[in-house]
Amino acid sequence: METERLREHNITLRSDLLILRPLTEDDWDIVQNWESDPEVLYYFDGDWITERELETTQMIYRGISQSAFVFITEFSGRPIGVCWLQEMNLDRILKHFPGKDLRRIDLAIGEKELWGKGLGTEMIRMLTELGFERERCDAIFGCGIADYNPRSRRAFEKNGYTLFQEVPQPEGIESKVNFDLVRLNPSLPDG
């Protein structure tokens, strides 16, 4: 079943560095620019894909938006990336926490000159705050972080995430192991 449009929301998050505003149907040219860059995709999705067609990008993001708050990240007034807080969709994690409200954070900084500047760390902080303070979820994960992407793993760890599990990868792709990191909600009784 193909999802026709994004499920939009009205949440805008602001910090001293960044604005996270809702992704809209008017943003496809921005997102597609990043989804067409092999280096951005390498860190966002892995070495198995080097470019995405617009129709595929739209299908993916529209599907994700049905169970996520999807944002365009702005820095100094310009779009620099995309991120979301999504209901957990991975059985390998869900089976460990029956009945719990689990979320995941995914993000990409599409403007490569801004890599390594702490902006991903700030995006994770803002989304974690949304998940725990507004959504009151039980735990948030960073999922499938490739072993060749230590910047992403560090960004989650700087926000209090710890290793949940290592996920061995099949032969033939660059990553030998991916990491799932977790942070439990500290304000909940089990946190």
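Reader: Which residues of α5 are buried?

Author: The buried residues of α5 are Leu 119, Gly 120, Thr 121, Glu 122, Met 123, Ile 124, Met 126, Leu 127, Thr 128, Leu 130, Gly 131 and Phe 132, where buried means under 20% relative accessible area, exposed over 50% and partly exposed in between, with a 1.4 Å probe and protein chains only. That is twelve of its 16 residues, and α5 is thus mostly covered. The model is predicted, with local features needing pLDDT of at least 70 and side-chain atom pairs counting only at pLDDT 80 or more, while totals for chains, interfaces and linings use all residues. Residues are numbered from 1 along each chain as its sequence is written, and side-chain values use heavy atoms, with hydrogens and water left out.

Reader: What span does α5 reach, and what is expected?

Author: Helix α5 covers residues 119-134 and reaches 22 Å from its first C-alpha to its last, close to the 22 Å expected at 1.5 Å a residue; the expected span is 1.5 Å times one less than the number of residues. Helices (H or I, at least four residues) and strands (E, at least two) are DSSP runs, numbered from the N terminus. Just after α5, Arg 136 takes a positive phi of about 55°.

Reader: Which residues have the most contacts inside the largest nonpolar core?

Author: They are Tyr 61, Phe 71, Ile 105 and Leu 127, in a core of 44 residues; a nonpolar core is a set of buried Ala, Val, Leu, Ile, Met, Phe, Trp, Tyr and Cys residues joined through side-chain atoms within 4.5 Å. The largest share of this core, seven residues, comes from α5. Apart from it lies another core, of eight residues, among them Met 88, Phe 141, Cys 143 and Val 182.

Reader: And what is Phe 71 in contact with?

Author: Leaving aside neighbours within four places in sequence, Phe 71 is in contact (heavy atoms within 4.5 Å) with residues including His 9, Ile 11, Leu 13, Pro 22, Val 82, Leu 127 and Leu 130.

Reader: Switching to α3, which of its residues are buried?

Author: In α3 the buried residues are Thr 57, Gln 58, Tyr 61, Arg 62, Ile 64 and Ser 65. Seen down the axis of α3, these fall within an arc of 160°, so they line one face of the helix; the arc is that of the directions from the helix axis to the C-beta atoms.

Reader: How many helices and strands are there in the protein?

Author: The protein has six helices and eight strands, and buried residues make up 51% of its 191 residues.
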